[in-house]
Amino acid sequence: MFKHILIPTDGSEVAAKAIKAGVTLAKEMGASVTAYYAIEPAPTHIYGEGYLADRRLVAELERRATDIGQKAVDQIGDAAKAAGVPCDSVVDQRVRPYQGIIDAANRKKCDAIFMASHGHSGLTGIVLGSVTHKVLTNSKIPVLVYR
Amino acid sequence: MFKHILIPTDGSAIAAKAIKAGVALAKEMGASVTAYYAIEPLPARLYSEGRIIDRNLINDLYEKARETAENSVRQVSDAAREAGVTCDTVIDRLVSPYRGIIDAAAEKKCDAVVMASHGYSGLQELLLGSVTHKVLTHSKIPVLVYR
(Lines give C-alpha, C1' and ligand atoms only; values in the text may rest on other atoms or scores of the structure.)
Protein backbone atom coordinates (compact mmCIF):
# COMPACT_ATOMS: atom_id res chain seq x y z
CA MET A 1 0.00 0.00 0.00
CA PHE A 2 2.85 2.35 0.82
CA LYS A 3 5.85 2.53 -1.49
CA HIS A 4 8.22 4.83 0.34
CA ILE A 5 8.13 5.45 4.06
CA LEU A 6 9.84 8.32 5.86
CA ILE A 7 11.11 7.38 9.32
CA PRO A 8 12.21 10.44 11.26
CA THR A 9 14.23 9.82 14.41
CA ASP A 10 15.78 11.81 17.20
CA GLY A 11 17.79 8.78 18.32
CA SER A 12 15.64 8.30 21.42
CA GLU A 13 14.45 4.98 22.79
CA VAL A 14 10.84 5.51 21.85
CA ALA A 15 11.96 6.37 18.31
CA ALA A 16 13.62 2.96 18.20
CA LYS A 17 10.20 1.36 18.56
CA ALA A 18 8.83 3.30 15.59
CA ILE A 19 11.94 2.40 13.60
CA LYS A 20 11.50 -1.31 14.23
CA ALA A 21 7.82 -1.14 13.30
CA GLY A 22 8.45 1.07 10.26
CA VAL A 23 11.10 -1.22 8.84
CA THR A 24 8.94 -4.31 9.49
CA LEU A 25 6.00 -2.71 7.73
CA ALA A 26 8.19 -1.56 4.82
CA LYS A 27 9.47 -5.10 4.43
CA GLU A 28 5.96 -6.50 4.50
CA MET A 29 4.80 -4.02 1.86
CA GLY A 30 7.90 -4.11 -0.30
CA ALA A 31 8.41 -0.41 0.37
CA SER A 32 11.66 1.52 0.68
CA VAL A 33 12.64 3.75 3.58
CA THR A 34 14.20 7.15 4.06
CA ALA A 35 15.71 7.80 7.49
CA TYR A 36 15.62 11.41 8.62
CA TYR A 37 17.26 13.37 11.40
CA ALA A 38 16.95 17.13 11.94
CA ILE A 39 19.79 18.90 13.68
CA GLU A 40 18.42 21.76 15.68
CA PRO A 41 20.85 24.67 15.72
CA ALA A 42 22.52 25.43 19.04
CA PRO A 43 20.53 27.89 21.17
CA THR A 44 21.22 31.48 20.22
CA HIS A 45 22.61 32.30 23.65
CA ILE A 46 25.62 30.26 22.66
CA TYR A 47 26.23 32.56 19.71
CA GLY A 48 24.57 35.79 20.68
CA GLU A 49 25.67 38.65 22.89
CA GLY A 50 29.23 37.43 22.69
CA TYR A 51 28.70 34.70 25.25
CA LEU A 52 30.76 32.38 23.25
CA ALA A 53 33.45 34.05 21.28
CA ASP A 54 35.15 30.74 20.85
CA ARG A 55 34.23 29.65 17.32
CA ARG A 56 36.05 26.39 17.82
CA LEU A 57 33.68 25.37 20.57
CA VAL A 58 30.68 26.15 18.37
CA ALA A 59 32.22 24.13 15.55
CA GLU A 60 32.84 21.28 17.99
CA LEU A 61 29.21 21.35 19.13
CA GLU A 62 28.06 21.23 15.53
CA ARG A 63 30.39 18.39 14.74
CA ARG A 64 29.00 16.40 17.65
CA ALA A 65 25.44 17.13 16.65
CA THR A 66 26.18 15.86 13.13
CA ASP A 67 27.76 12.73 14.64
CA ILE A 68 24.69 12.07 16.72
CA GLY A 69 22.42 12.64 13.73
CA GLN A 70 24.45 10.29 11.58
CA LYS A 71 24.37 7.60 14.29
CA ALA A 72 20.61 8.00 14.60
CA VAL A 73 19.98 7.49 10.89
CA ASP A 74 22.56 4.66 10.78
CA GLN A 75 20.42 2.84 13.32
CA ILE A 76 17.62 2.86 10.73
CA GLY A 77 20.00 2.00 7.90
CA ASP A 78 21.22 -1.03 9.85
CA ALA A 79 17.72 -2.21 10.68
CA ALA A 80 16.70 -1.80 7.03
CA LYS A 81 19.76 -3.64 5.78
CA ALA A 82 19.09 -6.53 8.17
CA ALA A 83 15.52 -6.70 6.83
CA GLY A 84 16.58 -6.35 3.19
CA VAL A 85 14.71 -3.04 2.81
CA PRO A 86 16.22 -0.34 0.54
CA CYS A 87 17.08 2.67 2.68
CA ASP A 88 18.67 6.08 2.26
CA SER A 89 19.13 8.81 4.80
CA VAL A 90 18.91 12.57 5.18
CA VAL A 91 20.51 14.63 7.96
CA ASP A 92 20.01 18.35 7.76
CA GLN A 93 20.08 21.36 10.03
CA ARG A 94 16.63 22.74 10.72
CA VAL A 95 15.34 25.32 13.15
CA ARG A 96 12.00 23.49 13.04
CA PRO A 97 12.41 19.72 12.96
CA TYR A 98 8.75 19.19 12.01
CA GLN A 99 9.26 21.31 8.91
CA GLY A 100 12.34 19.29 8.07
CA ILE A 101 10.29 16.10 8.32
CA ILE A 102 7.51 17.44 6.07
CA ASP A 103 10.05 18.75 3.54
CA ALA A 104 12.04 15.53 3.49
CA ALA A 105 8.84 13.55 2.90
CA ASN A 106 7.99 15.84 -0.03
CA ARG A 107 11.44 15.83 -1.49
CA LYS A 108 11.75 12.06 -1.30
CA LYS A 109 8.15 11.61 -2.52
CA CYS A 110 7.26 9.50 0.51
CA ASP A 111 3.68 8.30 0.82
CA ALA A 112 3.67 7.78 4.59
CA ILE A 113 5.50 8.88 7.72
CA PHE A 114 6.16 6.53 10.64
CA MET A 115 7.15 8.13 13.87
CA ALA A 116 7.00 7.88 17.64
CA SER A 117 4.42 9.81 19.64
CA HIS A 118 7.24 11.69 21.33
CA GLY A 119 11.00 11.74 21.48
CA HIS A 120 13.78 12.85 23.76
CA SER A 121 11.82 15.70 25.24
CA GLY A 122 9.77 13.03 26.95
CA LEU A 123 6.37 13.49 28.46
CA THR A 124 3.89 12.13 30.90
CA GLY A 125 2.43 9.44 28.69
CA ILE A 126 -0.77 11.34 28.18
CA VAL A 127 0.57 14.09 26.02
CA LEU A 128 1.60 14.06 22.39
CA GLY A 129 5.12 15.26 21.61
CA SER A 130 5.28 18.69 20.02
CA VAL A 131 7.14 17.63 16.88
CA THR A 132 4.77 14.71 16.29
CA HIS A 133 1.80 16.98 16.84
CA LYS A 134 3.09 19.51 14.31
CA VAL A 135 3.83 16.81 11.76
CA LEU A 136 0.28 15.50 12.20
CA THR A 137 -1.23 18.90 11.67
CA ASN A 138 0.91 19.78 8.67
CA SER A 139 1.40 16.52 6.82
CA LYS A 140 -0.57 15.85 3.66
CA ILE A 141 0.32 12.16 3.76
CA PRO A 142 -0.75 9.58 6.36
CA VAL A 143 1.19 9.48 9.61
CA LEU A 144 1.48 6.33 11.69
CA VAL A 145 2.11 7.22 15.31
CA TYR A 146 3.82 4.74 17.67
CA ARG A 147 4.06 4.97 21.39
CA MET B 1 2.22 -6.84 10.97
CA PHE B 2 -1.25 -5.89 12.18
CA LYS B 3 -3.85 -8.57 12.83
CA HIS B 4 -6.92 -6.59 13.82
CA ILE B 5 -7.51 -2.97 12.87
CA LEU B 6 -10.07 -0.71 14.49
CA ILE B 7 -11.64 1.79 12.05
CA PRO B 8 -13.67 4.43 13.89
CA THR B 9 -15.95 6.54 11.73
CA ASP B 10 -18.36 9.40 12.15
CA GLY B 11 -19.72 8.90 8.64
CA SER B 12 -18.04 12.03 7.29
CA ALA B 13 -16.42 12.31 3.87
CA ILE B 14 -12.95 12.44 5.35
CA ALA B 15 -13.62 9.33 7.42
CA ALA B 16 -14.38 7.60 4.11
CA LYS B 17 -10.78 8.13 3.10
CA ALA B 18 -9.50 6.46 6.27
CA ILE B 19 -11.99 3.62 5.77
CA LYS B 20 -10.72 2.96 2.28
CA ALA B 21 -7.11 3.01 3.45
CA GLY B 22 -7.79 0.96 6.57
CA VAL B 23 -9.54 -1.77 4.61
CA ALA B 24 -6.79 -1.80 1.96
CA LEU B 25 -4.20 -2.12 4.71
CA ALA B 26 -6.12 -4.93 6.38
CA LYS B 27 -6.41 -6.78 3.08
CA GLU B 28 -2.71 -6.42 2.38
CA MET B 29 -1.81 -7.72 5.84
CA GLY B 30 -4.47 -10.38 6.09
CA ALA B 31 -5.92 -8.55 9.09
CA SER B 32 -9.53 -8.31 10.20
CA VAL B 33 -11.39 -5.07 10.88
CA THR B 34 -13.76 -3.71 13.50
CA ALA B 35 -15.85 -0.71 12.48
CA TYR B 36 -16.78 1.63 15.31
CA TYR B 37 -19.25 4.46 15.76
CA ALA B 38 -19.96 6.40 18.95
CA ILE B 39 -23.35 8.04 19.38
CA GLU B 40 -22.91 11.12 21.49
CA PRO B 41 -25.75 11.85 23.90
CA LEU B 42 -28.08 14.72 23.10
CA PRO B 43 -27.08 18.02 24.69
CA ALA B 44 -28.35 18.22 28.26
CA ARG B 45 -30.23 21.42 27.51
CA LEU B 46 -32.71 19.37 25.51
CA TYR B 47 -33.71 17.46 28.63
CA SER B 48 -33.13 19.81 31.47
CA GLU B 49 -35.24 22.67 32.77
CA GLY B 50 -38.24 21.19 31.08
CA ARG B 51 -37.34 22.54 27.68
CA ILE B 52 -38.42 19.39 25.95
CA ILE B 53 -41.02 17.39 27.71
CA ASP B 54 -41.75 15.49 24.56
CA ARG B 55 -40.12 12.09 25.03
CA ASN B 56 -41.23 11.13 21.56
CA LEU B 57 -39.08 13.82 20.04
CA ILE B 58 -36.06 12.65 22.00
CA ASN B 59 -36.63 9.06 20.99
CA ASP B 60 -36.99 10.25 17.44
CA LEU B 61 -33.67 12.04 17.58
CA TYR B 62 -31.98 8.94 18.95
CA GLU B 63 -33.60 6.86 16.28
CA LYS B 64 -32.08 9.18 13.67
CA ALA B 65 -28.70 8.95 15.39
CA ARG B 66 -28.86 5.17 15.32
CA GLU B 67 -29.67 5.21 11.61
CA THR B 68 -26.66 7.42 10.97
CA ALA B 69 -24.51 5.12 13.09
CA GLU B 70 -25.66 2.05 11.22
CA ASN B 71 -25.13 3.67 7.84
CA SER B 72 -21.66 4.74 8.92
CA VAL B 73 -20.46 1.33 10.07
CA ARG B 74 -22.11 -0.28 7.06
CA GLN B 75 -19.84 1.83 4.89
CA VAL B 76 -16.92 0.02 6.53
CA SER B 77 -18.42 -3.47 6.41
CA ASP B 78 -19.41 -3.02 2.75
CA ALA B 79 -15.87 -1.98 1.85
CA ALA B 80 -14.49 -4.89 3.86
CA ARG B 81 -16.80 -7.42 2.24
CA GLU B 82 -15.83 -6.16 -1.19
CA ALA B 83 -12.16 -6.59 -0.29
CA GLY B 84 -12.69 -9.99 1.29
CA VAL B 85 -11.71 -8.70 4.73
CA THR B 86 -13.39 -10.04 7.89
CA CYS B 87 -15.30 -7.25 9.61
CA ASP B 88 -17.52 -6.77 12.64
CA THR B 89 -19.14 -3.57 13.90
CA VAL B 90 -19.64 -1.83 17.23
CA ILE B 91 -22.03 1.04 17.95
CA ASP B 92 -21.80 2.67 21.37
CA ARG B 93 -23.86 5.33 23.02
CA LEU B 94 -21.59 7.33 25.27
CA VAL B 95 -20.26 10.68 26.35
CA SER B 96 -16.74 10.64 24.93
CA PRO B 97 -16.19 9.17 21.49
CA TYR B 98 -12.42 9.03 22.03
CA ARG B 99 -12.92 6.92 25.18
CA GLY B 100 -15.21 4.63 23.22
CA ILE B 101 -12.58 4.21 20.52
CA ILE B 102 -9.82 3.37 23.01
CA ASP B 103 -12.08 0.94 24.90
CA ALA B 104 -13.35 -0.74 21.74
CA ALA B 105 -9.76 -1.26 20.57
CA ALA B 106 -8.89 -2.86 23.90
CA GLU B 107 -12.03 -4.98 24.05
CA LYS B 108 -11.58 -6.25 20.50
CA LYS B 109 -7.86 -6.73 21.06
CA CYS B 110 -7.02 -4.53 18.09
CA ASP B 111 -3.36 -3.85 17.40
CA ALA B 112 -3.81 -0.65 15.37
CA VAL B 113 -6.30 2.16 14.81
CA VAL B 114 -6.77 3.76 11.39
CA MET B 115 -8.67 7.03 11.46
CA ALA B 116 -9.04 10.42 9.82
CA SER B 117 -7.30 13.50 11.18
CA HIS B 118 -10.69 15.05 11.82
CA GLY B 119 -14.34 14.40 11.20
CA TYR B 120 -17.59 16.28 10.98
CA SER B 121 -16.61 18.98 13.38
CA GLY B 122 -14.35 20.08 10.57
CA LEU B 123 -11.48 22.46 10.95
CA GLN B 124 -9.11 24.73 9.26
CA GLU B 125 -7.02 22.11 7.52
CA LEU B 126 -4.08 22.82 9.80
CA LEU B 127 -5.60 21.55 12.98
CA LEU B 128 -5.99 18.09 14.35
CA GLY B 129 -9.54 17.06 15.22
CA SER B 130 -10.16 16.81 18.94
CA VAL B 131 -11.26 13.18 18.94
CA THR B 132 -8.23 12.14 16.87
CA HIS B 133 -5.98 14.14 19.15
CA LYS B 134 -7.37 12.48 22.26
CA VAL B 135 -7.09 9.02 20.70
CA LEU B 136 -3.46 9.77 19.84
CA THR B 137 -2.67 10.88 23.36
CA HIS B 138 -4.43 7.96 25.08
CA SER B 139 -3.90 5.04 22.73
CA LYS B 140 -1.38 2.37 23.68
CA ILE B 141 -1.43 0.94 20.16
CA PRO B 142 -0.23 2.58 16.93
CA VAL B 143 -2.60 5.04 15.25
CA LEU B 144 -2.47 5.69 11.52
CA VAL B 145 -3.84 9.15 10.79
CA TYR B 146 -5.28 10.06 7.39
CA ARG B 147 -6.10 13.51 6.12
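**Notebook: two-chain predicted model**

I started with His4(A), which is buried at a relative accessible area of 16% (buried is under 20%, exposed over 50%, partly exposed in between, with a 1.4 Å probe and protein chains only). I note that this is a predicted model, where local features need pLDDT of at least 70, side-chain atom pairs count only at pLDDT 80 or more, and totals for chains, interfaces and linings use all residues. Residues are numbered from 1 along each chain as its sequence is written, chains are lettered from A in the order in which they are written, and side-chain values use heavy atoms, with hydrogens and water left out.

**Entry: His4(A)**

I placed His4(A) in strand β1 (residues 4–8) of chain A (strands are DSSP runs of E, at least two residues; helices are H or I, at least four; both are numbered from the N terminus). The His4(A) side chain comes to 3.3 Å from the backbone oxygen of Lys108(A). Beyond four places in sequence, I list its contacts (heavy atoms within 4.5 Å). Among them are Ala31(A), Val33(A), Lys109(A), Cys110(A) and Asp111(A).

**Entry: Thr132(A)**

I found Thr132(A) in helix α5 (residues 130–138) of chain A. Thr132(A) counts as buried because its relative accessibility is 3%. Outside four places in sequence, Thr132(A) touches Met115(A), Ala116(A), Ser117(A), His118(A) and Val145(A).

**Entry: nonpolar cores**

I looked up the cores next (buried Ala, Val, Leu, Ile, Met, Phe, Trp, Tyr and Cys joined through side-chain atoms within 4.5 Å). The largest has 57 residues, and Phe2(A), Ile7(A), Phe2(B), Ile5(B) and Leu25(B) touch the most other members. A second, separate core holds 36 residues, including Tyr98(A), Tyr36(B), Val90(B) and Val143(B).

**Entry: chain B against chain A**

I count 23 residues of chain B in contact with 23 residues of chain A. The buried area is about 2,000 Å², with 61% from carbon and sulfur atoms (accessible area, 1.4 Å probe, lost on putting the two parts together, summed over both). I get 0 salt bridges between the chains (Lys or Arg side-chain nitrogen within 4 Å of an Asp or Glu carboxyl oxygen). I do get 6 residue pairs in polar contact across the interface, both residues at pLDDT 80 or more (N or O atoms within 3.5 Å; within protein, one able to donate a hydrogen and the other to accept it, with residues adjacent in sequence counting only if both atoms are side-chain atoms). On the side of chain B, α1 (13–29), α4 (130–138) and β5 (143–146) each give two or more residues. α1(B) gives the largest share, 5 residues.
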